Amino acid sequence: MPDRGEEVINQRLAKLDRLREQGVDPYPARWQRTHTAGQATAIFEEAESSRAERTDVEARVAGRITAMRVMGKVAFLDLRDGSGKIQAQFRRDLIGEAYAGLEDLDLGDFLGVVGPLFRTRAGEITVEAKEYALLSKSIRPLPEKWHGLQDIEARYRQRYLDLIANEESLSIALTRSRVVAAVRRFMNDRGFLEVETPILQASAGGAAARPFVTHYNALDSDFYMRIATELHLKRLIVGGIDKVYEVGRIFRNEGLSTKHNPEFTTMESYEAYADYRDVLRMVEELVYNVAISVLGTPKVARGDHEIDLTPPWRQMTLREAIKERSGLDFEEYPEAGSLREAMLALGLPPGDLASKGRGKLIDELLSTFVEPHLIQPTFLLDYPIELSPLAKQRPDDPRYVERFEGFIGGFEVANAFSELNDPIEQRLRFEQQARLRAAGDDEAEVVDEDFLTALEHGMPPTGGLGMGIDRLTMILTGQTSIREVILFPQLRSRG
């Protein structure tokens, strides 16, 4: 005996057959729409100011049927498109025999409707159907009768159903698009040139991360999905493009969490004759301007907090922040072993610390004790050199580099350096990273000879930035999981 889902599908397939027998094409190639639902509503409201009840504006609208109310000789259908919802009224005395065809329509079908606009007694703007056309027959029913798709796994695996059933999900998707557009406008207005760099690379560099590996058949070589756009963008600075950026997908063969997805989107930028302090001011302005452009306000809610993105943001050194939150001053522990012992004394799990060098131990202190408390926009500055093989050392203290990370809502959204442009020093840093890799650190940088050759031709002082588009969107939409702001997040295979 078929279950309820199979029974509904069979009923809809029977309607499909009946429509075809009647000569109706249930999947026509085109429909000429004159107005979206939003446009039709707006044009009626504008015309209504000079007309008492109706307008002579005729609209050709189309959308998915999301509600049906049949009351004898009159029926009302809600049609939803990308701009919103509009109601359509069907009267038997107006459309005649075509009225009977409503019996073959279901929730989820796409319908085109032609007719004048009016406002019902209940106050709803409506299209009075003079004619209609089925544009696409839905064989499977909408989730939960349009009351919303609640199963998180189903929402991510079948994002199309999530967008249909949950208005918030659609709103997040639209907001993300506006965030990306606003970031591009800001960068373009500042004179940056947008470029594209290779996704498949012979050497995966520019970040401490484990890459995805693939085989390039035509070259009979293994290549890597890029883990950053940094090294190619800096080649363009060498080539004379003084301001350059890329909005692009990054791939890192790492774990899944509420803050991490193996593929994500960044905006990386490089500006000649700038340093990390210049970039810091740009980041404040960028995030503020994006918030104003997308939300109309610099203030966003996150849990019980109201976050104000208005510059200037709080600033403190990484050392100060870790000492304030953990009580530990990592400068007192110049070796990894002594620092590890001090961290064990604070109660950190020993299994997470055993194989980490001093740089990663400091990063562990940051993520454990400091990061969750950085709710209001905060810059942490001046990182130990062990953490930043591509950043320029501070001239007054070579133990540290000119680097900052920007945090909002308890996680990092931006990372920036005064870029290392000394090719001799860069080679030494790469070689140190290679030794770490040989010792088992598969996230350490690799020696990129082509990039070193570029640096040897000379690169001016440069400020570089990496900003997470997904995390910025999380802040602006109030989300706590990165999967909510990525339309198709990575999921484990079923079965």
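Guide: The residues that line the second largest pocket comprise nine nonpolar, four polar and seven charged ones. The model under discussion is a predicted one. The volume of this second largest pocket is about 640 Å³. Its lining consists of 20 residues, and those closest to the centre of the pocket are Val 8, Arg 12, Arg 140, Pro 141 and Leu 142. Two helices, α1 and α5, each supply at least two residues of this lining. The largest share comes from α1, with seven residues.

Is Arg 12 buried or exposed? Its relative accessibility is 7%, so Arg 12 counts as buried, the cut-off being under 20%. When residues up to four places away in sequence are left aside, Arg 12 touches Asp 106, Leu 107, Lys 137, Ser 138, Ile 139, Arg 140 and Pro 141. Among these contacts, Arg 140 and Pro 141 are also listed with Arg 12 among the residues closest to the centre of the second largest pocket.

Rolling a probe the size of a water molecule over the atoms shows where empty space is left. A search of the whole structure finds one cavity of 30 Å³ or more. The volume of the largest cavity is about 50 Å³. Which residues line the largest cavity? They are Arg 159, Leu 163, Ser 169, Ile 172, Ala 173, Arg 176, Glu 484, Val 485, Ile 486 and Leu 487. Helices α5 (159-165) and α6 (167-189) each contribute at least two residues to the lining of the cavity. Helix α6 gives the most, namely four residues.

With a relative accessible area of 15%, Val 180 is buried, because buried means under 20%. Beyond residues up to four places away in sequence, Val 180 touches Val 247 and Ile 469. The C-alpha atoms of Val 180 and Phe 404 are 23 Å apart in space, while the two residues are 224 residues apart in sequence.

A second pair of positions may be set beside this one. Glu 332 lies in the loop between α9 (318-326) and α10 (336-345). The relative accessible area of Glu 332 is 55%, and this residue is therefore exposed, the cut-off being over 50%. Glu 332 and Phe 407 are 75 residues apart along the chain, and a distance of 26 Å separates their C-alpha atoms.

Strands of a sheet pair through backbone hydrogen bonds, either parallel or antiparallel. Here, three strands form an open sheet in the order β8-β10-β9, and their pairing is antiparallel. Strands β8 (200-201) and β9 (213-216) are the edge strands, each pairing on one side only. Four bridges join β9 to β10 (residues 221-225) in the antiparallel sense. Within this sheet, Tyr 216 has Ser 221, in β10, as its bridge partner.

Most residues other than glycine have a negative phi, and most peptide bonds are trans. Asp 220, in the loop between β9 and β10, has a positive phi near 50° although this residue is not glycine. Asp 220 is exposed, with a relative accessible area of 61%. Tyr 273, likewise not a glycine, has a positive phi of about 65°. Its place is in the loop between β12 (263-272) and α8 (276-295). The relative accessible area of Tyr 273 is 59%, and the residue is exposed. Finally, the peptide bond from Pro 311 to Pro 312 is cis, with omega near 0°. Pro 312 is situated in the loop between β14 (305-308) and β15 (314-317).

Definitions and conventions
Residues numbered from 1 in each chain as written. Predicted model: local features only at pLDDT ≥ 70, side-chain atom pairs only at ≥ 80, totals over all residues. Heavy atoms only, no water. Buried < 20%, exposed > 50% of the residue type's maximum accessible area, 1.4 Å probe, protein only. Contact = heavy atoms within 4.5 Å. Pairing = 2+ DSSP bridges. 1 Å grid on protein atoms, 1.4 Å probe; cavity = no way out; pocket = protein on both sides within 12 Å on 5 of 7 lines; lining within 4 Å. Points joined across faces, edges and corners; volume = space filled by probe spheres on them. Nonpolar A, V, L, I, M, F, W, Y, C, P; charged D, E, K, R; others polar.
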